[in-house]
Amino acid sequence: MSKGKKKLTKGQIRRVRANQQKRLKRQEPEWDNDQLGPQQAGKVISRYGQHADIEASDGTIHRCNLRRAIGSIVTGDEVEWRQGKEHLHGISGVVEAVHPRRSELSRPDYYDGVKVVAANIDQIFIVSSVKPDLSSQIIDRYLVAAEDTGIPPVLVLNKIDLLDEESRQEVDEILAPYQAIGYPMFLVSSHTGEGVDALTSYLTDKTNIFVGQSGVGKSSLINALMPEQDLDVGAISEVSGLGQHTTTTSKLMHFPQGGELIDSPGVREFALWHLENERVTWGFKEFREWMGQCKFRDCKHQDDPGCALQQAVEQGKISQQRFNNYHRILETMASDRPTRQSSDPLARK
Ligand SMILES: Nc1nc2c(ncn2[C@@H]2O[C@H](COP(=O)(O)OP(=O)(O)OP(=O)(O)O)[C@@H](O)[C@H]2O)c(=O)[nH]1
Ligand SMILES: [Zn+2]
């Protein structure tokens, strides 16, 4: 019996990757200006090392080199690019410049501190589900992270087909504070399709991301909203032959009715461990109107006398659930610094 493929060690994998990169670099065509068409607008669909897939305004996709002088470019960036008069090794153009971003999504990075994973996002859909247990603390962690980016969050509760009358009531109680604060909220089932139409119209014509813990049903939901999601991505890698890295790279896809989705594991796991305490407080947006009104400037909003936040809780103006979660999030913050081993602080809750 043959033994099958031998497993590579990490060092070997690194060497193979480095050689691949070198080969790609050697193939990199050098464009002279007269070999390039006029500058045109485009959007980054995906970024692969020294290249990016650019969507032109007519919807066609072109794998491009990046001019060395341009700074970081990520999925969702709006760029100026020029098409080559002929294709060289699957490369069909060059990115000349990147437009300023209207928003950025960053994740903590062990080596660089923070790394931008996607740009120009309009809405963050925070997906939770009925099963396993719905946790308001996890919702709040994602909300704080979303508030920090300045990108408006939207709450989605999936798997409502699993609710009976009693559990429906419990869920309504957990979600009531978010409705009171004014966060948009959608109750859906990706299995039965309930609520999916309302969600569809909310994300149309916007660039969206779906975040949330593993298993809440993000993929199922995306499939329900975007039945042909694999089409354009598969087509690119066939043409270019440069290989597919879709599991790690963020990619931008279109909803059939208009609007876009940026997705990748890095985007999905987006969380808040790199935030300072003040940013956490600020991330509870209904707390803001009481900030600076506590008796003591260094108020910890716990048992401190004259705490404006506590008074607001007592008067029912701030939800007890949100206030408790706020303190729990601060407590767990210090242990949630990124390490090489762990990438999802919420998994260790
Ligand atoms: N009952 C029910 N189950 C669902 C629903 N949506 C998803 N599921 C199930 O939940 C499980 C997880 O779904 P996924 O779509 O893989 O979850 P995910 O959030 O994409 O998970 P990651 O890929 O790990 O981020 C699967 O077994 C799905 O069949 C739903 O609306 N109702
Ligand atoms: Zn206080």
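Two residues are in contact if their C-beta atoms, placed from the backbone, lie within 7 Å. By that criterion I126 touches I139, Y142, L143, A146, P153, V154, L155, V156, V211 and G212, not counting residues up to four places away in sequence. The model is predicted, so that local features need pLDDT of at least 70 and side-chain atom pairs count only at pLDDT 80 or more, while totals for chains, interfaces and linings use all residues. Residues are numbered from 1 along each chain as its sequence is written, and chains are lettered from A and ligands numbered from 1 in the order in which they are written.

The protein contains 10 helices and 13 strands; helices (H or I, at least four residues) and strands (E, at least two) are DSSP runs, numbered from the N terminus. Among contacts between residues at least 6 apart in sequence, 66% join residues at least 24 apart. Of the 349 residues, 33% are buried. A residue is buried if 20 or more other C-beta atoms lie within 10 Å of its own, exposed if 12 or fewer, and partly exposed in between, with C-beta atoms placed from the backbone.

I126 also belongs to the largest nonpolar core, which has 60 residues; I126 and I209 touch the most other members. Such a core is a set of buried Ala, Val, Leu, Ile, Met, Phe, Trp, Tyr and Cys residues joined through C-beta atoms within 7 Å. Helix α2 provides the largest share of this core, seven residues.

The domain assignment gives domain 1 (11–98), domain 2 (120–268) and domain 3 (277–348); domain bounds come from an automatic or database domain assignment. The contact between domains 2 and 3 takes 12 residues from domain 2 and 14 residues from domain 3. On the side of domain 2 that touches domain 3, α2 (136–149) and α3 (165–181) each supply at least two residues, and α2 gives the most, with nine residues. By class, that side has five nonpolar, three polar and four charged residues. Here Ala, Val, Leu, Ile, Met, Phe, Trp, Tyr, Cys and Pro count as nonpolar, Asp, Glu, Lys and Arg as charged, and the others, Gly among them, as polar.

Which residues come nearest to ligand 1? Of the 15 residues around ligand 1, these are S214, G217, K218, S219 and S220; a residue is near a molecule if its C-beta atom, placed from the backbone, lies within 6 Å of it. Helix α5 (residues 218–225) contributes the largest share of the shell, three residues. The shell has two nonpolar, nine polar and four charged residues.

An unreviewed UniProt entry lists C294, C299, H301 and C307 under "binding site". UniProt positions are given in the numbering used here, feature names are shortened, and annotations may be inferred rather than shown by experiment. C294 lies in the loop between α8 (277–283) and α9 (308–314), and is partly exposed because 19 other C-beta atoms lie within 10 Å. C307 lies in the loop between α8 and α9, and is buried because it has 20 other C-beta atoms within 10 Å. Not counting residues up to four places away in sequence, C307 touches C294, C299 and H301.

H301 lies in the loop between α8 and α9 and has a positive phi near 55°, although it is a residue other than glycine. N120, in the loop between β7 (113–119) and β8 (123–129), has a positive phi of about 60° although it is not a glycine.
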